[in-house]
Amino acid sequence: MEKKNSILKIENLSVSYGPIKALKNIDLYINEGEFVSLIGANGAGKTTLLKAVLGINTIERGNIFFLGKDITRKPTNVIVSSGLSLIPEGHIIFSSMSVLENLQLGAYQSLATFKENLEKIFEYFPILQKRSNQIAGTLSGGEQQMLSMGRALMSKPKLILVDEPSLGLAPKIVLDIFNILIELNKEGYTILLSEQNAKKALESSSRCYVMKTGEIAMSGPSLDLMNNPQIQQAYLGGC
Ligand SMILES: Nc1ncnc2c1ncn2[C@@H]1O[C@H](COP(=O)(O)OP(=O)(O)O)[C@@H](O)[C@H]1O
Ligand SMILES: [Mg+2]
């Protein structure tokens, strides 16, 4: 149930790319401490929604509130400084820099707590400590995704938006990534996860929104959606 002081609240949001209506009247909320997933096929509008929250996409209509403040049409740097962090699709990193330098860049807003944050990141991702002097572009896909997550966490965000972290990764690594997200949520991080892997997303999150051609087709507790025949048919391979 929506709490009075939800961490993120999106009201009636619409976004278009020229004639393409990518988001149509989206309503969504996230309470503090929740792990919410956003599932939907390729092209449903998941990335557009996350980018709109970050102020990257131009908002046509609607409002976005973060920690009670209206952030609609605010510049991205202002939104990020207020405690929102996006882990983008395609594990984007600075490939010619070392692992440590990538993490340092993520901490530019919280230099005072750099050492403490870095230790925490190395606890979540021991492989990043092992590889800290390695050039990031030489890491495996899974390690790059972990670096991308680690870099976002260096600023100690109040809400993390994670876009398709499992895309293109081997099943064993996908499992690791989801386990880390579950652990981060247990440690207090509030998470909005966008995923085409509906099964893993529903298993990890407590609540879920289903997107279909720019609209929220359904939403509710992940457990309910997992047991919903329509969802099973359309997103879980009929299992
Ligand atoms: N930069 C863009 N220019 C034009 N159309 C875009 C752009 N980005 C996404 N779209 C379109 O918007 C819709 C939603 O895309 P997207 O948000 O990337 O979906 P998802 O992340 O769920 O795969 C799709 O129809 C896609 O083709
Ligand atoms: Mg996407």
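The following legends describe close-up views of a predicted model.

Residues are numbered from 1 along each chain as its sequence is written, while chains are lettered from A and ligands numbered from 1 in the order in which they are written. Because the model is predicted, local features need pLDDT of at least 70 and side-chain atom pairs count only at pLDDT 80 or more, whereas totals for chains, interfaces and linings use all residues.

View 1. Helices (H or I, at least four residues) and strands (E, at least two) are DSSP runs, numbered from the N terminus.

**View 2. Helix α1 and the residue that follows.** Eight of the eight residues of α1 are buried, so this helix is largely enclosed by the rest of the structure. The buried residues are K46, T47, T48, L49, L50, K51, A52 and V53. A residue is buried if 20 or more other C-beta atoms lie within 10 Å of its own, exposed if 12 or fewer, and partly exposed in between, with C-beta atoms placed from the backbone. Just after α1, G55 has a positive phi of about 80°.

**View 3. Strand β9 and its two partners.** Five of the six residues of strand β9 (residues 207-212) are buried. On one side of the pairing scheme, β9 joins strand β3 (residues 35-39) in the parallel sense over four bridges, with V210 of β9 as the bridge partner of I39. Strand β10 (residues 215-221) runs antiparallel to β9 and is joined to it by six bridges; here P221 is the bridge partner of R207. Two strands pair if DSSP finds at least two bridges between them. β9 and β10 form a hairpin with two residues between them, and T213 in the turn has a positive phi of about 35°.

View 4. The protein chain is divided into domain 1 (1-83 + 158-171 + 189-239) and domain 2 (92-156), with bounds from an automatic or database domain assignment. Their C-alpha centres lie 25 Å apart. Six residues from domain 1 and five residues from domain 2 make the contact, which requires C-beta atoms, placed from the backbone, within 7 Å. The largest nonpolar core has 63 residues, of which L159, L161, I191, L192, C208 and V210 touch the most other members.

View 5. L67, in the loop between β4 (61-66) and β5 (69-70), has a positive phi of about 50° although it is not a glycine. L67 is partly exposed, with 16 other C-beta atoms within 10 Å. K156 lies in the loop between α6 (141-153) and β7 (159-163) and also has a positive phi of about 50° without being a glycine. K156 is partly exposed, with 15 other C-beta atoms within 10 Å.

Key:
Two residues are in contact if their C-beta atoms, placed from the backbone, lie within 7 Å. A nonpolar core is a set of buried Ala, Val, Leu, Ile, Met, Phe, Trp, Tyr and Cys residues joined through C-beta atoms within 7 Å.
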